[in-house]
Amino acid sequence: MKESFWGVATVAIGIVAIFFILFFQSVTNTDEHNYHLLKEATEAAMYDALDLAAYRDSGVIRIDREKFVENFIRRFAESAVLSNTYEIKIYDVNEEPPKVSLQVSSTRNSNITGEIYEFDIVNKLDAILEVPYKE
């Protein structure tokens with residue numbers, strides 16, 4: 001009887017450990033996916049929003065604010081995970097020099113033993129567009 005109890009306890013602890021590993025791996029993967037998506041979408045949207053007319057006329061590198069926001073939202077939405085709820089906050093968009101400050105929050109719900117747990121994952125990014133200087 002004593003040996004069978006230890007066997008059942010070992011199996012139960014193993015199942016609980018596997019559950020926690022899978023749960024935290026899922027949260028970590030979500031955070032990493034959001035960060036890389038935020039970084040890549042911001043960089044691509046900044047390049048798309050470059051004001052080429054201003055660069056040709058005066059050599060000034062600047063971005064168009066409305067174009068940046070439109071391109072960022074479109075690019076982020078194309079690659080976002082549909083099962084998460086996202087909140088995008090754009091704090092600052094400087095047109096000249098090109099700089100943006102963003103925050104993306106995603107909410108992940110989990111149902112463990114009938115209780116609902118919510119985890120907020122927040123990624124912040126400040127980006128400055130750098131281009132090579134040519135004389």
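Student: Which is T85, buried or exposed?
Tutor: T85 counts as exposed, at 53% relative accessibility. Buried means under 20% relative accessible area, exposed means over 50%, and partly exposed lies in between, for a 1.4 Å probe and protein chains only. This is a predicted model, in which local features need pLDDT of at least 70 and side-chain atom pairs count only at pLDDT 80 or more, while totals for chains, interfaces and linings use all residues. Residues are numbered from 1 along each chain as its sequence is written, and side-chain values use heavy atoms, with hydrogens and water left out.

Student: And where is T85 found?
Tutor: T85 is in strand β1. Helices (H or I, at least four residues) and strands (E, at least two) are DSSP runs, numbered from the N terminus. The C-alpha atom of T85 is separated by 9.8 Å from that of D120, although the two residues are 35 apart along the chain.

Student: What pattern does the chain follow?
Tutor: Along the sequence the pattern is α-α-α-β-β-β, so the secondary structure comes to three helices and three strands. The chain has 135 residues, of which 25% count as buried.

Student: Let us take a helix. Which residues of α3 are buried?
Tutor: They are F68, N71, F72 and F76. These residues cover an arc of only 125 degrees around the axis, which puts them on the same side of α3. The arc is that of the directions from the helix axis to the C-beta atoms.

Student: What is on the face turned away from that buried side?
Tutor: That face of α3 carries the exposed residues E66, E70, A77 and E78. As a general point, an α-helix has 3.6 residues a turn, so residues three or four places apart point the same way.

Student: How many Å should α3 span?
Tutor: The 15 residues of α3 should span 21 Å at 1.5 Å a residue, and its end C-alpha atoms are 22 Å apart, which agrees. The expected span is 1.5 Å times one less than the number of residues.

Student: New topic: how many salt bridges are there?
Tutor: The count comes to six salt bridges. A salt bridge is a side-chain nitrogen of Lys or Arg within 4 Å of a carboxyl oxygen of Asp or Glu. In general, side chains of opposite charge can pair when their charged atoms come close.

Student: Which residue does R74 pair with?
Tutor: R74 forms a salt bridge with E78, and their closest N and O atoms are 3.5 Å apart. Both residues belong to helix α3 (residues 65-79), where they are four residues apart and therefore separated by about one helical turn. R74 is partly exposed at 38% relative accessibility, whereas E78 is exposed at 58%.

Student: Which residues are linked in a network of salt bridges?
Tutor: The network links D51, R62 and E95.

Student: Where is S106, and which side chain does it contact?
Tutor: S106 is in strand β2 and counts as buried, at 1% relative accessibility. Its side chain makes a polar contact with the side chain of N34, at 2.9 Å. A polar contact is a pair of N or O atoms within 3.5 Å; within protein, one must be able to donate a hydrogen and the other to accept it, and residues adjacent in sequence count only if both atoms are side-chain atoms.

Student: One last item: which peptide bond is cis?
Tutor: The bond from E96 to P97 is cis, with omega near -10 degrees. P97 is in the loop between β1 (85-94) and β2 (99-112). In general, most peptide bonds are trans.
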